[in-house]
Amino acid sequence: SIAPSGRASAGLNGRSLTRRAVDLLSSISYVRYAEPDYIVHVCQADPNKLEPNDALYASQWHYRLINLPYAWKITTGSTTIKVAVVDSGGPPVAHPDLSPNLLPGYDFVTDPASSGDGDGWDANPSNEGGSQHGVHVAGTIGAFSNNKEGVAGVAWDVRIVPVRVMGKKGTGTVSDIAAGILWAAGLPVTGAPANPNPANIINMSLGGPDSQAEHDAITAASGAGKILVAA
């Protein structure tokens, strides 16, 4: 055993003395190892975190990397917040993880061949086959969560407004995208009915060349007080 001298103990607390003792013991050639006799505790749920019970949540490792369990303890979103997903459309059939949070949207894919539904703009924003990107993005943003199935969304309680601007191959024109942004913001679009659920936030997980039409639509939506998020 090691008894610290009076001089050593005079200005050191217990932890400092322990560290000195460990260092001294570790320097002795015939000592295999030295370490503090740590105190451990029974595992308990972190009271500062909230985690959902969705079946596939454990696979969503990226959520923990951005500390979402701590954010969820503060808020899981609000039903008063509407997020427009300007993308390839919503699910074509009832979806247990999306349907409860979906609001009516609109289809702005002009080309019938690309849209897959045989016509141009219409009130059905569902994906018509091909790219499921819009469904994936909508689920990441606002999947119906803590329901013991599927995945969890970033904001469990927000409402999703699907705005279809990209067709079966996951591509779209800048004119359709610009119209979709304006409509999502609740601004008038010639040839389309008024949006009954103007979004607070507009998500655009898409990319392409710089376009004045898109620039003007984004400027108008931002001027209307909307938050725009782009990948």
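This is a predicted model: local features need pLDDT of at least 70, side-chain atom pairs count only at pLDDT 80 or more; totals for chains, interfaces and linings use all residues.
Buried here means under 20% relative accessible area.

**View 1. Helix H6 is a mostly covered helix.** Seven of the ten residues in H6 are buried. They are Gly134, Val135, Val137, Ala138, Gly139, Ile141 and Gly142. What do these buried residues pack against? Their packing partners are S1, S3 and S4. The helix itself spans residues 133-142 and lies across S1, strand S3 (159-164) and S4, running at about 155° to S1.

**View 2. Five strands make an open, parallel sheet.** Reading across the sheet, the order is S2-S3-S1-S4-S5, with parallel pairing. S2 and strand S5 (227-230) sit at the edges, so to speak, each pairing on one side only.

**View 3. Strand S4 meets S5.** Here we zoom in on S4, residues 201-204, which pairs with S5 in the parallel sense over four bridges. Have a look at Ile201, which stands opposite Ile227 in S5. Also in this view is Asn203, whose bridge partner in S5 is Val229.

**View 4. Strand S4 meets S1.** S4 also pairs with S1, again in the parallel sense, this time over three bridges. Which residue of S4 is the bridge partner of Ala84? That would be Ile202.

**View 5. Pro91 is tucked into a loop.** This proline is found in the loop between strand S1 (82-87) and strand S2 (106-107). Is Pro91 buried or exposed? Its relative accessible area is 11%, so Pro91 counts as buried, the cut-off being under 20%. Setting aside residues up to four places away in sequence, Pro91 touches Leu98, Leu102, Ser126 and Val135. Val135 is also one of the buried residues of H6. As for Leu102, it comes eleven residues away from Pro91 along the chain, and the C-alpha atoms of the two are separated by 9.7 Å.

View 6. Trp61 lies in helix H3, residues 61-65. Why does Trp61 count as exposed? Its relative accessibility is 57%, and exposed means over 50%, so Trp61 qualifies.

Terms used: Residues are numbered from 1 along each chain as its sequence is written. Side-chain values use heavy atoms; hydrogens and water are left out. Helices (H or I, at least four residues) and strands (E, at least two) are DSSP runs, numbered from the N terminus. Buried means under 20% relative accessible area, exposed over 50%, partly exposed in between (1.4 Å probe, protein chains only). Contact means heavy atoms within 4.5 Å. Two strands pair if DSSP finds at least two bridges between them. Axes are lines fitted to C-alpha atoms, for helices over the stretch in contact, and angles run from 0 to 180 degrees between N-to-C directions.
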